[in-house]
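Biologist: I would like to go through the side-chain contacts of one protein chain with you. Please put the structure up first.

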Amino acid sequence: MRELWQCQTPSCGYIYDPDRGDKKGKIPKGTKFEDLPEDWKCPVCGASKKNFKKL
Ligand SMILES: [Zn+2]
């Protein structure tokens with residue numbers, strides 16, 4: 001099942017969708033949130049993975 005994770009910083013709300021990956025961060029489609037590198041950052045606000053919550 002596809003798991004979406006949302007950035008929790010104020011006024012961001014970016015949602016990481018594994019089906020889309022993150023072009024800006026050079027993350028290929030199909031990469032699970034758990035498998036993102038620890039230094040991956042929100043492409044919108046630059047927050048770290050710790051700021052994301054599963055939807
Ligand atoms: Zn963000």
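**Rings and charges**

Modeller: Ring pairs join Trp5, Tyr14, Tyr16, Phe33, Trp40 and Phe52 into a cluster. The model is predicted, so local features need pLDDT of at least 70 and side-chain atom pairs count only at pLDDT 80 or more, while totals for chains, interfaces and linings use all residues. Residues are numbered from 1 along each chain as its sequence is written, and side-chain values use heavy atoms, with hydrogens and water left out.

Biologist: How many aromatic pairs does the count come to?

Modeller: A pair of aromatic rings is described by the distance of the centres and the angle of the planes. Rings of Phe, Tyr and Trp (its six-membered ring) pair if their centres lie within 6.5 Å; planes under 30 degrees apart count as stacked, over 60 as edge-to-face and the rest as tilted. By this rule the count is 7 aromatic pairs.

Biologist: What is the geometry of the aromatic pair of Tyr16 and Trp40?

Modeller: The centres of Tyr16 and Trp40 are 5.6 Å apart, and their planes are at 70 degrees. An angle over 60 degrees counts as edge-to-face. The pair of Tyr16 and Trp40 is therefore edge-to-face.

Biologist: How many residues apart are Tyr16 and Trp40?

Modeller: Strands here are DSSP runs (E, at least two residues), numbered from the N terminus. Tyr16 is in strand 2 (residues 15-16), and Trp40 is in the loop between strand 2 and strand 3 (52-54). The pair links distant parts of the chain, 24 residues apart.

Biologist: Is Trp40 buried or exposed?

Modeller: Buried means under 20% relative accessible area, exposed over 50%, and partly exposed in between (1.4 Å probe, protein chains only). Tyr16 has 0% relative accessibility, so Tyr16 counts as buried. Trp40 has a relative accessible area of 4%, so Trp40 is buried.

Biologist: Which residue forms an aromatic pair with Trp40 at 6.1 Å centre to centre?

Modeller: This pair is edge-to-face, with 85 degrees between the planes.

Biologist: Which residue lies over the face of Phe33?

Modeller: A charge sits over a ring if NZ of Lys or CZ of Arg is within 6 Å of the ring centre and within 35 degrees of the ring normal. Here the distance from the ring centre is 5.2 Å. The residue over Phe33 is Lys49.

Biologist: Which residue meets Lys49 in a salt bridge?

Modeller: A salt bridge is a side-chain nitrogen of Lys or Arg within 4 Å of a carboxyl oxygen of Asp or Glu. The N to O distance here is 3.7 Å. The partner is Glu38.

Biologist: Which residues are linked with Arg2 in a network of salt bridges?

Modeller: The side chains of Arg2 and Asp17 meet in a salt bridge at 2.8 Å, N to O. Arg2 is in the segment before strand 1 (5-7) and Asp17 is in the loop between strand 2 and strand 3, 15 residues apart. The residues linked with Arg2 in the network are Asp17 and Asp19.

Terms used: Helix = DSSP H or I, 4+ residues; strand = E, 2+ residues; numbered from the N terminus.
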